[in-house]
Amino acid sequence: MAHVAAWKKEEVEMLSALLQSYPVIGIVDISGIAAKQLQSMRREFHGNVQIRIARNTLLRFALQESDDEALRSLASYVQGGASLALSTLNPFVLYKKFEKGKTSAPAKGGEVAPNDVMIPKGDTGFPPGPLVGEMQRIGIPAAIESGKIVVKKDHVVVKEGEVIKPEVAEILKKLEIEPLEVGLNLFAAYENGFVFEARDLAIDESAVRDQFEDAYRSAFNLAINAAITTNDTTSMLVTIAFNNMRNLSFNAGIVNEESLPLLIAKSQAEMLSLARHVGEDALDEELVARLGATAAAP
């Protein structure tokens with residue numbers, strides 16, 4: 001059996017202990033992050049997130065030694081500049097925190113564009129010079145107008161997923177366009193036996209909230225129409241039943257405490273309607289006065 005250095009054994013033991021000490025385990029990519037920036041992130045995350053850097057081989061080994069099958073599966077996400085993110089925050093909050101902490105950065109050339117890189121239409125602020133030719137050579141519709149270099153229309157110079165060429169990076173730098181995002185990229189996170197990939201955690205909170213509200217309204221309407229009593233529907237169902245009972249009593253001429261005022265009002269309205277078709281000689285003074293009052297009412 002090949003000899004294993006003592007420090008490697010100690011590192012794996014330390015990683016294994018950390019994996020058991022936190023409810024949420026994330027695999028993050030820290031490549032491209034300067035040491036100073038990483039230290040700043042660690043200070044910012046203090047108390048909520050611990051970033052632990054380790055060799056990929058040792059990190060994979062520690063994960064694969066776990067008794068939890070889901071936690072073992074995190075080993076497949078360990079690649080490149082992967083490190084551990086140990087947290088008490090749930091994976092969705094953790095992902096959002098990492099995304100919020102990202103900042104833009106200039107390209108040097110050779111990087112993969114995380115999004116489409118567009119040169120906006122308009123005045124670049126540069127006077128006529130070699131820059132206009134450099135821009136045209138990489139496909140940017142640049143021209144000279146009124147003594148300035150202008151871009152004639154919006155132009156995507158690099159599409160998402162494409163490599164940014166050095167000559168393109170140089171133009172972007174001159175135009176003060178920073179196409180890169182620098183920060184912690186969460187590959188995947190483990191919690192309670194489940195593994196969430198970054199695409200699972202990148203949710204639109206307002207859209208999800210709208211979906212929950214629509215689902216609640218649909219469930220509420222279904223429960224009302226099916227007369228299913230819940231904490232939310234009981235008061236509404238009682239009100240509907242009460243109104244139905246009162247309407248039934250009124251339409252059937254059944255006298256009770258609720259229908260009596262309605263029945264009296266209906267009888268009075270019918271009496272006045274009939275009185276209008278009878279000559280005033282057949283009516284008493286009070287009824288004639290009431291007919292006059294109703295006729296004068298707007």
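**Confidence**

The confidence score is pLDDT, which the predictor assigns to each residue on a range from 0 to 100. Over the chain the mean pLDDT is 88, and 96% of the residues reach 70 or more. Helices (H or I, at least four residues) and strands (E, at least two) are DSSP runs, numbered from the N terminus.

I note that this is a predicted model, in which local features need pLDDT of at least 70 and side-chain atom pairs count only at pLDDT 80 or more, while totals for chains, interfaces and linings use all residues. Residues are numbered from 1 along each chain as its sequence is written, and side-chain values use heavy atoms, with hydrogens and water left out.

**Cores**

I looked up the nonpolar cores, each a set of buried Ala, Val, Leu, Ile, Met, Phe, Trp, Tyr and Cys residues joined through side-chain atoms within 4.5 Å. Buried stands for under 20% relative accessible area, exposed for over 50%, and partly exposed for what lies in between (1.4 Å probe, protein chains only). The largest core has 40 residues, and those touching the most other members are Val49, Phe98, Met135, Val157, Ile164 and Leu184. Helix H7 (residues 166-174) gives this core its largest share, four residues. A second, separate core has 22 residues, among them Ile27, Ala70, Leu71 and Ala188.

I then listed contacts (heavy atoms within 4.5 Å) for Leu184. Neighbours within four places in sequence aside, Leu184 is in contact with Val28, Asp29, Ile30, Ile33, Leu38, Met41, Phe45, Ile51, Phe98 and Lys102.

**Ala85**

I found Ala85 in strand E3 (residues 82-87). Ala85 is buried, at a relative accessible area of 0%. With neighbours within four places in sequence left out, the contacts of Ala85 are Val24, Ile25, Gly26, Val28, Val49, Gln50, Ile51 and Phe98. I also took a distance from Ala85 to Gln211: the two are 126 residues apart along the chain, and their C-alpha atoms are separated by 31 Å.

**Salt bridges**

I applied the rule that a salt bridge is a side-chain nitrogen of Lys or Arg within 4 Å of a carboxyl oxygen of Asp or Glu. The count by this rule is seven salt bridges.

Lys96 and Glu205 meet through their side chains at 2.9 Å, N to O. Lys96 lies in helix H5 (residues 91-100) and Glu205 in helix H9 (residues 205-225), so this pair ties together parts 109 residues apart in sequence. Lys96 is partly exposed at 46% relative accessibility, and Glu205 is partly exposed at 40%.

Glu134 and Lys174 form a salt bridge whose closest N and O atoms are 3.1 Å apart. Glu134 is in helix H6 (residues 130-137) and Lys174 in helix H7, so parts 40 residues apart in sequence are tied together. I read partly exposed for Glu134, at 24% relative accessibility, and for Lys174, with a relative accessible area of 32%.

Asp214 and Arg217 form a salt bridge at 2.3 Å, N to O. The two are three residues apart in helix H9, and therefore separated by about one helical turn. Asp214 is partly exposed at 39%, and Arg217 is partly exposed at 45%.

**Loops and surface**

I checked His46, which sits in the loop between helix H2 (35-45) and strand E2 (49-52). His46 is exposed, with a relative accessible area of 68%. The C-alpha atoms of His46 and Lys108 are separated by 31 Å, the residues being 62 apart along the chain.

I looked for positive phi outside glycine. Asn192 has a phi of about 50°; Asn192 is in the loop between strand E11 (185-191) and E12 and is exposed at 63% relative accessibility. Ala227 has a phi near 55°; Ala227 is in the loop between H9 and H10 and is exposed at 53%.

Last, I found Val255 in the loop between helix H10 (234-252) and helix H11 (259-275). Val255 is exposed, with a relative accessible area of 58%. Val255, Leu260 and Ile264 make a nonpolar surface patch of about 260 Å². Patches take residues with over 30% relative accessible area and no salt bridge, joining like charges within 9 Å and nonpolar side chains (Val, Leu, Ile, Met, Phe, Trp, Tyr) within 5 Å. Accessible areas come from the Shrake-Rupley method with a 1.4 Å probe, and for residues only the protein chains shown count as cover.
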